[in-house]
Amino acid sequence: PSCFGYPLSIFFIIINEFCERFSYYGMRAVLVLYFKYFLQWDDNLSTAIYHTFVALCYLTPILGALIADSWLGKFKTIVSLSIVYTIGQAVMSVSSINDLTDHNQDGSPDNVSVHIALSMTGLILIALGTGGIKPCVSAFGGDQFEDDQEKQRTRFFSIFYLSINAGSLLSTIITPILRAQECGIHSKQRCYPLAFGVPAALMAVSLAVFIIGSGMYKKVKPQGNIMIQVSKCIGFAIKNRFRHRSKEFPKREHWLDWASEKYDKRLIAQTKAVLKVLFLYIPLPMFWALFDQQGSRWTLQATTMDGNFGSIQIQPDQMQTVNPILIIVMVPVVDAVVYPLIKKCKINFTPLRKITVGMFLASLAFVAAALVQVQIDKTLPVFPAAGQTQIKVINIGTDGATVQFRSPLQSVNVMSMESTGYMTFDTSQLQSVSIISGNKNTTEVIMLPGGSRHTLAVKNAANIVAKWVFDNVTSKPEEGNNLVRFINNLPDTINITMGDTSFETLMSFSASNYNLFPGGRKDNIMAIINSIPCSVTSKTLGFGSAYTIVINGCTGNTLDVTYSEDISPNTVHMAWQIPQYFILTCAEVVFSVTGLEFSYSQAPSNMKAVLQAGWLLTVAVGNIIVLIVAGASKLSEQWAEYVLFAALLLAVCIIFAVMAYFYTYTDPNEIEAQFDEEEKKQVKKDEDVCEKQTEAVSRM
């Protein structure tokens, strides 16, 4: 059965691919944040495990191709590995249920190792599943077409790529929204079980859809794995060449011709074609090393940015959606507009030139990311080193005050209800502080630990009161959250609630601890003073800030507060990430789509899977490169690491351009046809000989 000139079975395959990619990318979108905030790993470990997982997902296709070609056939392989995959997604979802080990119900798992063990098991099963079916699905789709449907097949690969990106787009929008929900039995927190559970459900749908179409598929019987034959052929050629290394044996045209004693000419010719393409693949992993950092480094970069798009708050992991949105727009635009224009300009834009341009663009995208990072770094607070102490002064009295720190003498004037920024001192030299306000003064000896921040609150009342507050904050709040604490500037004891969070009871002239609030919101601040409620709505605190709010009084049920900014909010807008995503997407369109098609066009018909596996292998190696470079570079500055990656890719791009220049395109079908001709002649010859022999026998 066909529809619009396409086999009907294609539609099942495309829907199946859409669901499978939704499942994979949805899980991958929140993965790095799951590591960081749920399993409490640091940036570098999260990045490392993320890339190890992605690398694993692209190493397993070789296994999938082996199983499909020599044992189960593509159809059964897809079905059986999809079951493994669905189980993996379900395990992943269970691993993120906080209440699983949270016996004391404090909102964080008591036994993190249980969660780590479960999530690693889930990830390994997912890698087996997604990797195992990856080489089979696209090839299985290609199998559905007849030989004369070349045009439809090319169009199918484009639609196939679009369905991958449609799946990844929707899931990258939806799973972060699910993650941002609050859920849990005992304590409310980020809803990772839902963010992993929806992909698991979609994987089950994907499997069901694929099985429903079962009756319509053209199922090609497994023909024995060609990879094993190719490897044996190469191995034999090398061994044989080594045996005949002395001068007396005549040289052969190509080193693979040394296999001709044992293997037929056709296999040798096909192997030559494959090796020619695989050789070109050697520089490609560097592209993927940069490309796959969207999910790790770029997502972590977004957590230090301002996600306020007017009425919408963007989650850091949602910035990844820029890529699939642009892909869905760009693939048709590039196919229908850009390539034809280039053709009109009489430029021969060969597949290998496209790939070169793709590499160049990706390296440009990382330069853009480095520029954004430099801007972000300017806004980050500087925390004290081991032998330093930072002090900020808040004047909560009605008179101005002068504060003098001794040795070396440093003096600041602070107006009423104002505060200074943090001043940095050598801990060992800080001895005393004098405060002068109105006509009074006082001097105190300072004993503060090194490597910490402190706030000095001063007030001129009946006499000068000075209060030291330890600021227990050593980093900017994560995930764009805000920290808020209160100072009670009233003679009475008060109870404070902000939003749904209640603070401890505050005595007169004392400070609360910091509490964490989601970014970009205004919350209601309510204080109960002498059992009279008094409230005010806070100002918008932005993302990633820390504030001290001083409670000064209550007039007609409205609270009088002043704000002192301890850590300034993220000021670089997430929209600044769009240029780097745009450039990287342009790179992907000319690189990835072209690469898949180039592999398909240069491979002999029975070698498609080998090249497909080779192409996916470049992605795996790329992710391993990230691990090596990020581990070995020891660059403390993130922007420098981006520049390093850009420089590496640029160097590789130049090498590839040289290699591509010397590549000659082949048409595998012509080579096949030649061999078919020769075989026919050979058969005819054999028949003739046979006939003559029969005649001779009958004469006797």
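I will go through the pockets, then the cavities, then a surface patch and a salt bridge.

First, the ground rules. This is a predicted model, where local features need pLDDT of at least 70 and side-chain atom pairs count only at pLDDT 80 or more, while totals for chains, interfaces and linings use all residues. Residues are numbered from 1 along each chain as its sequence is written, and side-chain values use heavy atoms, with hydrogens and water left out.

We work on a 1 Å grid over the protein atoms alone. A cavity is a set of points where a 1.4 Å probe fits but cannot get out. A pocket is an open set with protein on both sides within 12 Å along at least five of seven lines. Lining residues have an atom within 4 Å of a point. Points are joined across faces, edges and corners, and a volume is the space filled by probe spheres set on them.

How much space lies in the largest pocket? About 1300 Å³. It has 47 lining residues, and Glu182, Arg190, Glu479, Asn481 and Leu516 are the closest to its centre. Two or more lining residues come from each of α1 (9-38), β4 (189-190) and β18 (515-517). Those labels are DSSP runs numbered from the N terminus: helices are H or I with at least four residues, strands are E with at least two. By class, this lining has 20 nonpolar, 16 polar and 11 charged residues. Here Ala, Val, Leu, Ile, Met, Phe, Trp, Tyr, Cys and Pro count as nonpolar, Asp, Glu, Lys and Arg as charged, and the others, Gly among them, as polar.

The second largest pocket holds about 990 Å³. Of its 30 lining residues, Asp143, Tyr600, Ser605, Asn606 and Lys608 lie nearest the centre. Helix α4 gives the largest share, 4 residues. Domain 1 (1-224) and domain 3 (280-379 + 577-679) each give at least three; the bounds come from an automatic or database domain assignment.

The largest cavity has a volume of about 680 Å³. Its lining has 34 residues, with Arg21, Tyr25, Tyr58, Tyr161 and Ile164 nearest the centre. Again α4 leads, with 7 residues. The classes are 17 nonpolar, 10 polar and 7 charged.

The second largest cavity has about 70 Å³. Tyr161 is in this lining too, among others such as Phe157 and Leu596. Here α4 supplies the largest share, 5 residues.

Leu56, Leu59, Leu63, Ile124, Leu128, Ile624 and Ile628 make a nonpolar surface patch of about 550 Å². Patch residues have over 30% relative accessible area and no salt bridge, and nonpolar side chains (Val, Leu, Ile, Met, Phe, Trp, Tyr) are joined within 5 Å. Areas use the Shrake-Rupley method with a 1.4 Å probe, and only the protein chains shown count as cover for residues. Helix α2 gives the largest share, 3 residues. Ile628 sits in helix α13.

Last, salt bridges: a side-chain nitrogen of Lys or Arg within 4 Å of a carboxyl oxygen of Asp or Glu. There are 9. One joins Lys74 and Asp143, at 2.8 Å from N to O. Why does this pair tie together parts that are apart in sequence? Lys74 lies in helix α2 and Asp143 in helix α3, so the pair links parts 69 residues apart.

Notes:
Patch = residues over 30% accessible without salt bridge, like charges linked within 9 Å, V, L, I, M, F, W, Y side chains within 5 Å.
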